[in-house]
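Please look over the strand pairing in this model. My notes follow as numbered points.

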Amino acid sequence: MNRLMKKLLWTAILPLVVMALLTFGLTSLLIGRFAEEETYAQLEREAAIVYEAIQEGRGIPGQLDVLVFQNGQRIEFERGGRMHRMMPISLDPNDLAIQDEVSVNGTRFLTYLQEEGDIQIVTYSPVPFSNPQFQQIYLILAGGFILALLVAIAVTYWMSRRLTQPLVELKQATASIMEGRHDISLPSVTNDEIGDLTVTIGQMNTSLQEKEALQKSFISGVTHDVRTPLAIVRNEAELLELGVVHETEMATTGKSITEEVDRIDRLVNQMLEYSKLSAGSIPLEMELIQLDELIRRLTPRMSEWFRQKDVTLDLRLETVSIQADRLAMERVLSNFIRNAYEASPVGGSITITLTSNRLEVTDEGNGIDPSIQHAIWDMYVKGDRSNGHGLGLAITKLLLDAQGLSYGVDSDKGATFWIGWT
């Protein structure tokens, strides 16, 4: 039995036991009080019957438990009826109250004293708890309580197993995920919170599998991107070391080495920047910026670059000011425009649209593969439209999140990356 099942059993059974004991005790008290009052009333009626029989000079009914005294001395009267009883107790009427309780030879009796002149009539009866009828009632109550307790234990145990077994399986599944194993077995999905947790863990496992696959792909891509320029640098350096590079080619060789080193440097810087943004260690300077002016200053820097593919830029800008970090917005826009350029065909067009609450960058490319569109903002994701390392949009996402801006991508004929604000 697991710990949770024990807690559930105690949680269900302990209140039931307390409630049953309180109910049993209160019921016993009430029944005893009521029975005691009824017994005294009956004893009073019996004393009246006995006095009436004495007055009329006839025998005392034999079924009555009664003692008769005159001036404190017990006297015997003729007993009538078919149920003549022996008088087993000896009492002194002077020691009794009208309603009293006495114990004789370990047996407790309720007594009623009626005094008429020098005659004292004492009727008596065993206390209700000693009455076999009441004992039977208590036995029935106790038996019902024990039966209800056993049923409660059985039902609680059954329910506990139904509740805890899926949790035990989920615990084993999460332990397997922590160990890096994703071939897990999950319990059946039920229509409750445990079912929701099962679905969530299944989705988490799938997401982690995708992340691990993307991470492996990213590491493989980064390794290739680093190894290629390193190989070029090594070859060029060996040629220089061997002295086989002609003096007229020295500048070209040096430029080649510098370009490859710069490629490695950009990759390392991107990885460091993503790490810092994820940790929130790069502060942003929020200010009111004129977004249309920022776009007009940024795009001319790319004109020479656009001419390589004869790509044109169509600006449809309204005058808009927003609270943002200037450098971060330049980085975001540059990334959007660069991606649009990479996706554009030769002679294509990129449209930048700015309205009062939205900025859109639209290209005329082939759009985004639906299989990665939901994860395009995640690290390691690199589509056919990108020549980078799969870090650009991941960094863009962190920059936009830090500024409290909404964002997204729509892809039909081409792709539209957008930013929204209120």
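**Notes on the strands**

1. Q99 has Y112 of strand 6 as its opposite residue. Strands here are DSSP runs of E, at least two residues long, numbered from the N terminus. The model is predicted: local features need pLDDT of at least 70, side-chain atom pairs count only at pLDDT 80 or more, and totals for chains, interfaces and linings use all residues. Residues are numbered from 1 along each chain as its sequence is written, and side-chain values use heavy atoms, with hydrogens and water left out.

2. Strand 5 and strand 6 (residues 107-116) run antiparallel and are joined by 6 bridges. Two strands count as paired if DSSP finds at least two bridges between them.

3. An open sheet is built from 5 strands in the order 3-2-7-6-5, with antiparallel pairing. Its edges are strand 3 (73-75) and strand 5 (99-104), each of which pairs on one side only. From one strand to the next, the twist averages 35°; the axes are lines fitted to C-alpha atoms, and angles run from 0 to 180 degrees between N-to-C directions.

4. Strand 11 (residues 349-355) is largely enclosed by the rest of the structure, because 5 of its 7 residues are buried (under 20% relative accessible area, 1.4 Å probe, protein chains only).

5. L354 has L359 in strand 12 as its bridge partner. Strand 11 and strand 12 form a hairpin, with 2 residues between them.

How values were computed. Helices (H or I, at least four residues) and strands (E, at least two) are DSSP runs, numbered from the N terminus. Buried means under 20% relative accessible area, exposed over 50%, partly exposed in between (1.4 Å probe, protein chains only).
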